[in-house]
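I open this notebook to record what I looked up, entry by entry. I begin with the chain as a whole and then turn to single residues.

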Amino acid sequence: MASATSFPFGLFAEITREVVDRRGAEGAEMLYAAGLAFGESVIDALRSDGVSVNALFGAALERASGWGFGALAANTQGQIPSEVNVGAPVSAAWTASPDGGPQCHLLRGILAGFVQRIARRPVDVVEAVCAGAGEASACTFKLNLDAAPI
């Protein structure tokens with residue numbers, strides 16, 4: 001396994017804002033799609049490492065934390081969680097969007113990619129609380145397999 005490298009979240013946040021500022025909703029969807037592909041590839045890599053399906057989500061969060069994503073918390077208890085909290089440094093890198101809405105489109109996609117590959121069906125991921133919008137010190141994502149389009 002390659003050594004962990006801290007991710008430059010401030011630069012990442014600036015690039016994300018630039019994409020959304022220039023492309024609006026289309027930019028947000030582009031970032032989501034990129035995150036989705038990345039999340040799916042992480043699960044595929046973990047599966048090839050022999051990680052059990054029950055442990056995949058926790059292993060994916062652990063791997064992301066090792067890359068410098070900070071405090072990723074979910075109580076999986078052997079199941080896919082309904083909520084994931086993401087703390088600093090990810091949450092600290094964002095500032096409010098011009099409309100005050102969520103900024104973490106790429107991370108929303110990454111979480112969706114994790115869950116879709118594990119559950120083998122679509123998931124609806126919503127950023128319910130955005131640290132970048134000043135709502136809290138951590139971002140909270142709600143994951144709902146039942147509301148996902150089939």
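**Surface and fold**

I looked up the accessible surface of the protein chain first: about 7,600 Å², with 55% of that area belonging to carbon and sulfur atoms. I note that the model is a predicted one. Of the 150 residues in the protein chain, 42% count as buried.

I then listed the secondary structure and found four helices and four strands. Read from the N terminus, the order of elements is α-α-β-β-α-α-β-β. I also checked how far apart in sequence the contacting residues lie. Among contacts in the protein chain with a separation of 6 or more, 58% are between residues 24 or more positions apart.

**Nonpolar core**

Which residues have the most contacts inside the largest nonpolar core? I found a core of 31 residues, in which Phe57, Leu111, Phe114, Phe141 and Leu143 have the most contacts. At least two residues of this core are supplied by each of helix 1, helix 2 (56–69), strand 2 (83–89), helix 4 (105–119) and strand 4 (139–144). Helix 1 gives the largest share, with nine residues.

**Leu46**

Why does Leu46 count as buried? I read a relative accessibility of 2% for Leu46, and this residue is therefore classed as buried, the cut-off being under 20%. I located Leu46 in helix 1, which spans residues 9–48. Beyond its neighbours within four places in sequence, Leu46 is in contact with Val51, Leu56, Ala59, Ala60 and Arg63.

**Glu127**

I placed Glu127 in strand 3, residues 124–129. Which side chain of opposite charge is nearest to Glu127? I found Arg108, at 6.5 Å. Glu127 is buried yet has no salt bridge.

Conventions
Residues are numbered from 1 along each chain as its sequence is written. This is a predicted model: local features need pLDDT of at least 70, side-chain atom pairs count only at pLDDT 80 or more; totals for chains, interfaces and linings use all residues. Side-chain values use heavy atoms; hydrogens and water are left out. Buried means under 20% relative accessible area, exposed over 50%, partly exposed in between (1.4 Å probe, protein chains only). Contact means heavy atoms within 4.5 Å. Accessible areas come from the Shrake-Rupley method with a 1.4 Å probe; for residues, only the protein chains shown count as cover. A nonpolar core is a set of buried Ala, Val, Leu, Ile, Met, Phe, Trp, Tyr and Cys residues joined through side-chain atoms within 4.5 Å. Lys and Arg count as positive and Asp and Glu as negative; His and the chain ends are not counted. A salt bridge is a side-chain nitrogen of Lys or Arg within 4 Å of a carboxyl oxygen of Asp or Glu.
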